[in-house]
Amino acid sequence: MAKFKLDETDHQILDMLIENTRTPFTDIAKKLLISAGTVHVRVKKMEEAGIIKGSSLTLDYKKLGYAFIAYVGVFLKNTSQTKFVLERSNEIPFVTVAHVTTGKFNVFCKIRARNTQHAKEVIFQLDDIEGVYRTETMISLEESLNDKKRLMHSIFQDM
């Protein structure tokens, strides 16, 4: 499959959508001095090429009562249990991210909780999954950096 080529207009469209995925195509079109139909067609092509995979909503978890973040490294008894452990982890709604990793941990998870007591309960749920040997937890004191736009701009410069 041929590599999809993005031009400067595509970059600008993506830039605005990353800033706010709910930006109307008409607003993007006005800013870029192109038609809303052109924006629609370009976005559709980027979706079909797999460059755009849906859109997301950013929530303020602190305001919702889930400000506590911890990272849990999961050690498995056998690496052959990875798929099973990931499936069970996926059943715990407070496990928001899971990566299969090399190095110290077999799986590395991000959890969100209401407080330390709730986090302990979630970590114990991970510990109780068949195949988990043990876990190691790191508490996040603050999310200091979470900026998708900088990466996007760097990728565009390399293209």
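In the predicted model, Val100 stands opposite Val107 of strand E3. Strand E3 (residues 107-113) runs antiparallel to E2, to which 5 bridges join it; strands pair if DSSP finds at least two bridges between them. Helices (H or I, at least four residues) and strands (E, at least two) are DSSP runs, numbered from the N terminus.

Helix H4 (residues 82-90) packs on the sheet and touches E1 (68-76), E2, E3 and E4, its direction making about 170° with that of E2. Contact denotes heavy atoms within 4.5 Å. Axes are lines fitted to C-alpha atoms, for helices over the stretch in contact, with angles from 0 to 180 degrees between N-to-C directions. Helix H5 (residues 116-127) lies across E1, E2, E3 and E4 and runs at about 145° to E3.

The sheet is open, with 4 strands in the order E2-E3-E1-E4 and antiparallel pairing. E2 (95-100) and E4 (132-139) are the edge strands; each has a single partner strand, so one side of each is without a neighbour in the sheet. Neighbouring strands are turned by 20° against each other on average, direction ignored.

Thr23 is located in the loop between helix H1 (8-19) and helix H2 (25-32). Leaving aside neighbours within four places in sequence, Thr23 is in contact with Met16, Leu17 and Ile28. The Thr23 side chain reaches the backbone oxygen of Asn20 at 2.8 Å.

Residues are numbered from 1 along each chain as its sequence is written, and side-chain values use heavy atoms, with hydrogens and water left out. Local features need pLDDT of at least 70 and side-chain atom pairs count only at pLDDT 80 or more, whereas totals for chains, interfaces and linings use all residues.

Conventions: Polar contact = N/O pair within 3.5 Å; in protein donor to acceptor, adjacent residues only side chain to side chain.
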